[in-house]
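User: Hi! Could you walk me through this model? I'd like to start with a single residue and go from there.
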Amino acid sequence: MSNPKVTKPASRTVAPRQRGHSLAPEHLGESGGAATLVAAIGGMSIFIGAVGVMVGGLTLPGSYAGSTPPPNLGRLETMQVAGGIALLVLGILIVASTAALLANLPRSRALATGTSAITALLAAAGFVLLVGATRRDPVLLAALGVAFAAFGGAAVVLARLRR
């Protein structure tokens, strides 16, 4: 006769482990992995956009080659390059914080949550300022709205994850 397999009942104090998606890091789970991916892609987009803004600022005087430039051209150029540098730093900070979170470094969840929340607040402030302007750019308004939703959602998901 065959020997029946004897199994012990599971202890009631042991909770079953939640398994994430095969591609999601186990310490983040599916929703946390998706939120981290959204923030990382958004950070890389901000980085690439920042390079474009800086190049646009540096080449601004060349766009007035055949016409009279405005009297405050130097200030416009400086402000655009400074804004590009600020966006570049923000993009690097977002990508670095999400990479640290994926690597499961200590206190990286708080850093990634904070950078996502700050980015969402900056996008919301830019949206409000642009809505109040007399000349609105609908593409920029849409981009700021998407950035607010993406980074705000990522911040909420990362803040709600169990530690």
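User: Is arginine 160 buried or exposed, and why?
Analyst: Arginine 160 counts as exposed because its relative accessibility is 70%. Here exposed means over 50% relative accessible area, buried under 20% and partly exposed in between, with a 1.4 Å probe and protein chains only.
User: Where is arginine 160?
Analyst: Arginine 160 sits in helix α4, residues 138-160. Helices are DSSP runs of H or I with at least four residues, strands are E runs with at least two, and numbering goes from the N terminus.
User: How far is arginine 160 from glycine 32?
Analyst: They are 128 residues apart in sequence, and their C-alpha atoms are 9.1 Å apart in space.
User: Good. What should I know about the source?
Analyst: This is a predicted model, where local features need pLDDT of at least 70, side-chain atom pairs count only at pLDDT 80 or more, and totals for chains, interfaces and linings use all residues. Residues are numbered from 1 along each chain as its sequence is written, and side-chain values use heavy atoms, leaving out hydrogens and water.
User: And the overall fold: how many helices and strands?
Analyst: The protein has four helices and zero strands, in the order α-α-α-α along the sequence. Of its 163 residues, 28% are buried.
User: Let's switch to α3. Which of its residues are buried?
Analyst: Among them are Ser108, Arg109, Ala112, Thr113 and Leu130. The buried residues of α3 pack against α1, α2 (73-102) and α4.
User: What about threonine 113, why does it count as buried?
Analyst: Threonine 113 counts as buried because its relative accessibility is 14%. Leaving aside residues up to four places away in sequence, threonine 113 touches Ala155, Leu158 and Ala159, where contact means heavy atoms within 4.5 Å.
User: What span should α3 have?
Analyst: At 1.5 Å a residue, the 24 residues should span 34 Å, and the end C-alpha atoms are 34 Å apart, which agrees. The expected span is 1.5 Å times one less than the number of residues.
User: Last topic: which residues form the nonpolar patch on the surface?
Analyst: Phe47, Ile48, Val51, Val55 and Ile92 do, with about 420 Å² of accessible area together. Patch residues have over 30% relative accessible area and no salt bridge; like charges are joined within 9 Å, and nonpolar side chains (Val, Leu, Ile, Met, Phe, Trp, Tyr) within 5 Å. A salt bridge puts a side-chain nitrogen of Lys or Arg within 4 Å of a carboxyl oxygen of Asp or Glu. Areas come from the Shrake-Rupley method with a 1.4 Å probe, and for residues only the protein chains shown count as cover.
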